[in-house]
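Here is a friendly walk through how the chains of this assembly meet. Have the sequence and the 3D view open as you read.

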Number of protein chains: 6
Amino acid sequence: MRPNEREVDQLRKITIETGYTKHPEGSVLITVGDTKVICNASIEERVPPFMRNKGKGWITAEYAMLPRATDTRNIRESSKGKVSGRTMEIQRLIGRALRAVVDLDKIGERTIWVDCDVIQADGGTRTASITGAFVAVVHACGTLLDKGVIKEMPITDYLAAISVGVMPDGNEILDLEYQEDSKAHVDMNIVMTGSGEFVEIQGTGEEATFNPTQLQNMLQLADKGVKEIFGMQKDALQQWASHLEEKVEG
Amino acid sequence: MRPNEREVDQLRKITIETGYTKHPEGSVLITVGDTKVICNASIEERVPPFMRNKGKGWITAEYAMLPRATDTRNIRESSKGKVSGRTMEIQRLIGRALRAVVDLDKIGERTIWVDCDVIQADGGTRTASITGAFVAVVHACGTLLDKGVIKEMPITDYLAAISVGVMPDGNEILDLEYQEDSKAHVDMNIVMTGSGEFVEIQGTGEEATFNPTQLQNMLQLADKGVKEIFGMQKDALQQWASHLEEKVEG
Amino acid sequence: MRPNEREVDQLRKITIETGYTKHPEGSVLITVGDTKVICNASIEERVPPFMRNKGKGWITAEYAMLPRATDTRNIRESSKGKVSGRTMEIQRLIGRALRAVVDLDKIGERTIWVDCDVIQADGGTRTASITGAFVAVVHACGTLLDKGVIKEMPITDYLAAISVGVMPDGNEILDLEYQEDSKAHVDMNIVMTGSGEFVEIQGTGEEATFNPTQLQNMLQLADKGVKEIFGMQKDALQQWASHLEEKVEG
Amino acid sequence: MRPNEREVDQLRKITIETGYTKHPEGSVLITVGDTKVICNASIEERVPPFMRNKGKGWITAEYAMLPRATDTRNIRESSKGKVSGRTMEIQRLIGRALRAVVDLDKIGERTIWVDCDVIQADGGTRTASITGAFVAVVHACGTLLDKGVIKEMPITDYLAAISVGVMPDGNEILDLEYQEDSKAHVDMNIVMTGSGEFVEIQGTGEEATFNPTQLQNMLQLADKGVKEIFGMQKDALQQWASHLEEKVEG
Amino acid sequence: MRPNEREVDQLRKITIETGYTKHPEGSVLITVGDTKVICNASIEERVPPFMRNKGKGWITAEYAMLPRATDTRNIRESSKGKVSGRTMEIQRLIGRALRAVVDLDKIGERTIWVDCDVIQADGGTRTASITGAFVAVVHACGTLLDKGVIKEMPITDYLAAISVGVMPDGNEILDLEYQEDSKAHVDMNIVMTGSGEFVEIQGTGEEATFNPTQLQNMLQLADKGVKEIFGMQKDALQQWASHLEEKVEG
Amino acid sequence: MRPNEREVDQLRKITIETGYTKHPEGSVLITVGDTKVICNASIEERVPPFMRNKGKGWITAEYAMLPRATDTRNIRESSKGKVSGRTMEIQRLIGRALRAVVDLDKIGERTIWVDCDVIQADGGTRTASITGAFVAVVHACGTLLDKGVIKEMPITDYLAAISVGVMPDGNEILDLEYQEDSKAHVDMNIVMTGSGEFVEIQGTGEEATFNPTQLQNMLQLADKGVKEIFGMQKDALQQWASHLEEKVEG
């Protein structure tokens, strides 16, 4: 039995609040159960050196947790003077995922900085970050469009992420909370688009393995999960709905 | 005329929410106008090396801003690999201030880590951090007391901080918001106790100076401001009121 | 048409040389086409702090490239003073993959350090590293067994990795060399065991996506590839064959 | 009774030697009792990025102690690879203080670097640094003036700093030496101008507080102290006296 | 008696293989007994800031060891985040030595980066690095010449290095292997040119000293050693022999 | 002609002042012409990890220059966050040199930290540091002896260092000042003991070479120079003369 009597294919309660803080061009607070992440999208009027003079933009992401977002306090990465491998992996993942649904040619020589700051963690922070970051990026692009800085919406599709896993009893489940995540034999994060394509699949057995059947079951759970999330993103983004192509299935 | 027609001796609207996140022993969201800071207090069951085997505890603070807490995005200090001088100054100030009203002998060989994370900045983040951190620390100590870990409340007095300043027109004002702070000739942060004593006075003229009369006027404004704040802290802390000595003036 | 007229499901020429350098307990030079990696496994008689006093061991991996392993010289990470996100991702992947087939209880409170140093790079350095590192770890464990330090071989299965991808023409191919990798729309690294289970699947569309059919085709190519590699590992490890369970399929 | 039978309002013996080393544009050795600080002012023919193209200059300060300036040896900050919070606080203070009495418009697009290196420490190193640095900066500006690089002296007033404190017996004293500083309940550093204005007030109760009367007493002691110091600065600077406006009170 | 019955003035077996890896302009694997070093020379089309706009080039070297090049594993310098003093000393030495025999005017505004990566260490890694790096640099310059990038060979003389030492019995020996090096009272590294001049002499007694007679004996052994090495370099470089002035003695 | 009409074999004016600052166990100010170095020796009651439980001591040195010790200001190494290769080379050299004349068994499990801080630089800072550091170490050991902490003086011989070089005209000179050093073709630093043995020889031709005759001439100049310096050290150390074996030649 899952905590709170959740079904194996049932998402936690998800809320997506736009305009959460006042300064960023796009600002979102996403909660997935007890996981809470602030996703801010900022526009910088230049691109990193390797992208200069190409007439196109860039999207990059940073991810962090407040020291006490978790059950025991973590040392602040700024105090340690370096970013952990886990943090780097997550921020690279978020950036790659977003770039798959943004037409960089349409944003001009600008960088969209996406900051995902976990206020409270209870499993699934990286997938919540991607799901929330997408909304923040749409929000920021909408701001640019409203100001006439860009001519058309550079978003090519919806984007959401969810975790799936295999528990010690061999069962696959959707949207693991921390208590489950810490016991799971297999942990998989899946990023998909509104038209049902994969952007990223990262499946890992830590001191364990998984077979092709388990893989297929996990992919199916993820597909069900992201479809439900696209609906919530749509609701949160209704202000910009007319600028977004209709690619959410179902 | 001040923004929003505030009087020279008028505070911005302040709210103090306890129990803001679920993991920390003490967790507070403080808002002072548009400045929003999460203040978390965590208990660690050991003290830093220089305090070992003295039978007493320690309080230390860390301060950070989300990259887009401000109008333009700041580079994350974890990415830069070092903490700025400004950040260090502020976290040293917060720690010193709290230690003035906590009886370290009564918390045993434990460290109270206070994390002040600015979600949104509009001036006065360091004083809001101190004011909120005090409430988080009382909350955390209350948690220890409830669990029987400590025998009596180690808090010796209320503690709050506020900024005052001298504007280009020579007038002194209370509780500067960013728009005022950026123009002020003199910027002073004052930390006081419920019994009306000073804990810290930091007054600075950047490319300017101030005279003894202006100093006295600023001290008076600060005194008025912190007295109002003590009332709000008292409301937020009513659950632990019986454990706190009654030292708030007026 | 692929470079060197390779078939879409054809591996590059692979060689695995054991005993490559004299100091390490296990030392391997693996070449996959023009990609050359030295994989050394070293035994340290202690475990990292988080593993102490559990009576079991640990495996950790480090990965680096010589500055001129690639077409243009990269700045040495020791000169930069920090390890890149890409390097961290790869070394975490190698470590996790190896831990899936080593029974950490059987190696006692020891750490196996695996160093994968790329001498020459031409695509697929992370998968070549895993494939070579597995052989180095078996070699090192065999050394421990021969010295009587451990009682039985802690290896539970064969382990190999290979890359697959989707090219701009939509076709899936096996074992991408650099020239292909730099153009591919989708890049997937797959780590499998001798008994046909997945250890890790990392599929990424950089500014692109992939559909379920393409995923299945890539998984099939990878399955074919790793089966051929297991045969080569077996040949390279014949000295320890009697200590290894026979789990290589086909 | 104070060490060496000093009165509560008595300064230690102060000497200010100009031209201490040969390379800097301005070089001073200041001794305050057993505290010895070399203050060097160097002219750089450019300003930091945030000051460029404004037609005005900048002053910045760095502060350090020789490892064995104190009773027990401190680890060198260059070996630790980072500057402590205390050091940062002090060098920001020195820079701010100097900028209050230098007309940055008159030095052109130049940076004055002030290096305060403590050779021997016995309390009051930061205030001695400010007092000595002021003399070094006048010396350096005099050098520029003599060479015709600048047209007029950019110094608008005298500047000196002194510490005051409250001892455990509740008495306020002037110019604390280390033995006193380490016991004081309140430590306050005050920077003032020749015309009697405040530039900076930093008063701190470490695990203690102070009341308004104690504050006033400390301010009065400081006022007496800096007035005596201005006289010594004047003597040391007689070479440039004609270029300095006469603003020293009393 | 020396290991392997070597005479006091006998070199270990030396091999020099050019074209060892495919990407660098010059690539060499040098083995001196069990010491193996990859020396790669890379051409960068710019010079460091302090050399700009002088119409001449620069040569700089970097040196590293694989973590398990030695008997016990060393922590990777990239993980430590800083380069050790020993490494810095060696790479400065290699760079200086090479610059003594390369006419920087003739290579134009280019940097030759020399990377010496020790695959296996058994004493004498810094001298083997210099000897191998010289061959790699000639190889790289030959590549530039063949492509018409430079007009004439910038190499002014042969260059090789060897170690000599004084053993605890007071005897001087040539080309110390690790087992000897770790016991030697005096360790001296000598870099010489084909025409018999010294480029660098670094003689060190660690907790010991040496007298003028021992110095002369060591110099003589080194002279004999480098002359033999010049012959091997000549063989390895025969492809570029016509471009090299004939300066090898004997 | 040399600056100030010095003869080729003539030292600059040297002064050695003991007891320069009050805290260190040994404190020296050495001046060699316009080069001024503070050499402090501190006793720490423990040894570094690699020396523990051997019943003997250790000597280690650190070297730094004030930012404006030179003609143009250098960036402080603590601000850069890392120590330069040059600094590391020099501090390793000073430490090695001192260890050659101190019997580490006789100082017990203690570390002597030697800090050489260059106040003013005019060439020869590393040799002045060694010469001054020796006196500071004798001073510190004398302090230990006086306190009864150690039983006998652990110094086995006098130690001094001097530079020699070859000028563009081919002439060898003794004790180069900056103006000479910056032009010299060959720069050699020699460390010798009172009994005329070599401790360290470091001779370098930067973009130049030197022949055996020049080497012999430089060695002779150095021998003359250090003998004169030993006399000055003897004078400075007369307080401890009875504890020092008489090994100064001539």
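## Chains that stay apart

Chain B and chain E do not touch, and their nearest C-alpha atoms lie 11 Å apart; contact here means heavy atoms within 4.5 Å. Chain C and chain D do not touch either, with 11 Å between their nearest C-alpha atoms.

A word on the ground rules: this is a predicted model, in which local features need pLDDT of at least 70 and side-chain atom pairs count only at pLDDT 80 or more, while totals for chains, interfaces and linings use all residues. Residues are numbered from 1 along each chain as its sequence is written, chains are lettered from A and ligands numbered from 1 in the order in which they are written, and side-chain values use heavy atoms, with hydrogens and water left out.

## Where chain C meets chain A

How many residues of chain C are in contact with chain A? There are 34, and they meet 34 residues of chain A. Between them, chain C and chain A bury about 2,900 Å², with carbon and sulfur atoms giving 50% of that area (buried area is the accessible area, taken with a 1.4 Å probe, that two parts lose on being put together, summed over both). C:Glu89, C:Phe198 and C:Glu207 supply 19% of what chain C buries against chain A, more than any other three residues.

There are 2 salt bridges between chain C and chain A, a salt bridge being a side-chain nitrogen of Lys or Arg within 4 Å of a carboxyl oxygen of Asp or Glu. C:Arg92 and A:Glu89 form a salt bridge, at 2.5 Å from N to O.

## Strands side by side

Which elements give two or more residues to the side of chain C that touches chain A? They are helix 2 (85-99), strand 9 (198-205) and helix 5 (212-236) of chain C; helices (H or I, at least four residues) and strands (E, at least two) are DSSP runs, numbered from the N terminus. Strand 9 of chain C gives the most, with 8 residues.

Strand 9 of chain A and strand 9 of chain C run antiparallel and are joined by 5 bridges (two strands pair if DSSP finds at least two bridges between them). Within this pairing, A:Gln202 has C:Gln202 as its bridge partner.

## The symmetry of the pair

Chain C superposes on chain A (RMSD 0.0 Å) by a rotation of 180 degrees with 0.0 Å of shift along its axis. That is the relation of a two-fold axis. Copies are superposed by least squares on the C-alpha atoms of residues with pLDDT of at least 70 in both. C:Gln202 comes closest to the rotation axis of the residues of chain C, with its C-alpha at 2.3 Å.

Because 100% of the interface residues of chain C are also interface residues in chain A, the copies meet through the same surface.

## Where chain F meets chain E

In this pair, 34 residues of chain F are in contact with 34 residues of chain E. Chain F and chain E bury about 2,900 Å² between them, 50% of it on carbon and sulfur atoms. On the side of chain F, the residues that lose the most area to chain E are F:Glu89, F:Phe198 and F:Glu207, together 19% of what that side buries.

The count between chain F and chain E is 2 salt bridges. F:Glu89 forms a salt bridge with E:Arg92, with the closest N and O atoms 2.5 Å apart. Strand 9 of chain E pairs with strand 9 of chain F in the antiparallel sense over 5 bridges, and E:Thr204 stands opposite F:Glu200.
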